[in-house]
Amino acid sequence: FNRLVNDYPNMHGEIAIASNNSMIANEVFCYDDAPFAVAKGSNYLIGSITKQFTAVALLKVLEEQQLTAKLHVPLAQLDLKQDFPPWAEHISLHHLLTHSSGLDKISETELAKTSTNAPGLEFNYINPSYVLLGKIITELAKCPIAEYFAKELFDKADMQNSCLPTSGTAAELKKTMPELALGFEYSPIDESISDASICFSELDAAGGIVSTTADLVRWNVALY
């Protein structure tokens, strides 16, 4: 911790270190001029760490439905109600999971209608692949994805302070979750730009989970 403080004097956030399935250190760093405070036990938007939860959820629901063998099958051959473009004849769940679909994005929530490359040839990290996986999980699980995450992931890992909001903004969530620590970009010249306007419907299964450092330690214990 001392080295981190010396190397990053303006570090703002919380760090947890765990060993043998237990947290051995937990410290908060908050510099004086920060526009938003943090404290031990704060909730954070964990961003793309969400994707590992989505990957586990997909594999779990496939196993529950005895569909694990379908992981490498083209999406068009799965019994899904999704309205897929023609690329579904060649792209599998595995391609979406591993960012190797050959697709680009139209927006943060929508995949392109045509492929840029053949699937499996190139790594291209994009959020819409995981937004789509979230929709597929919802369909297979026959319940909202936030509910499935809560029941099958958070509860089973004893992650009592984690959730997947699917609507509203971070600022709206903070009204009911005052311990939510908003992230921000800071410049000594310009005003800070915060995460307050982030819309959870755009993050979804690609980056929408809210959690704590303690819960993430519990997740790693449960996962490994």
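Predicted model: local features only at pLDDT ≥ 70, side-chain atom pairs only at ≥ 80, totals over all residues.
A crossing of two helices is called left-handed if the near helix is turned anticlockwise from the far one by less than a right angle.

**Entry 1: α2 and α4**

I looked up the handedness of the crossing of α2 and α4 and found it left-handed. Their axes come within 10 Å and cross at roughly 35 degrees. I then listed the residues that meet: α2 contributes Lys 51, Thr 54, Ala 55, Ala 57, Leu 58, Val 61 and Leu 62, and α4 contributes Tyr 130, Leu 133, Ile 136, Ile 137, Leu 140 and Ala 141.

**Entry 2: α2 by itself**

I checked the span of α2. The helix has 15 residues and reaches 21 Å from its first C-alpha to its last, close to the 21 Å expected at 1.5 Å a residue. Its buried residues include Thr 50, Phe 53 and Ala 57. Among the elements that cover the buried residues of α2, I noted α3 (93–97), α5, α7 and α8, besides α4. Just after α2, I found that Gln 66 takes a positive phi of about 55 degrees.

**Entry 3: α5**

Which residues of helix α5 are buried? In this helix, residues 145–154, I listed Ile 145, Tyr 148, Phe 149, Glu 152, Leu 153 and Phe 154. Seen down the axis of α5, these buried residues fall within an arc of 155 degrees, so they line one face of the helix. I kept a general point beside this: an α-helix has 3.6 residues a turn, so residues three or four places apart point the same way. The cover over the buried residues of α5 includes α2 (50–64), α4 (128–141), α7 (200–207) and α8 (213–223).

I turned to Ala 157, which lies in the loop between α5 and α6 (170–176). Ala 157 counts as buried because its relative accessibility is 9%, under the cut-off of 20%. Ala 157 and Trp 219 are 62 residues apart in sequence, yet 5.8 Å apart in space, C-alpha to C-alpha. Leaving aside residues up to four places away in sequence, I found that Ala 157 touches Arg 218, Trp 219 and Ala 222.

**Entry 4: cysteines**

How many disulfides does the structure hold? I found zero. Cys 143 is in no disulfide, and the nearest cysteine sulfur, that of Cys 163, is 16 Å away. Cys 143 counts as buried, at 16% relative accessibility. For Cys 199, the closest cysteine sulfur is in Cys 163 at 15 Å, too far for a bond. Cys 199 counts as partly exposed, at 22% relative accessibility.

Definitions and conventions: Residues numbered from 1 in each chain as written. Heavy atoms only, no water. Buried < 20%, exposed > 50% of the residue type's maximum accessible area, 1.4 Å probe, protein only. Helix = DSSP H or I, 4+ residues; strand = E, 2+ residues; numbered from the N terminus. Arc of directions from axis to C-beta. Contact = heavy atoms within 4.5 Å. Disulfide = S-S within 2.5 Å. Expected span 1.5 Å × (residues − 1). Axes fitted to C-alpha atoms, helices over the stretch in contact; angles between N-to-C directions.
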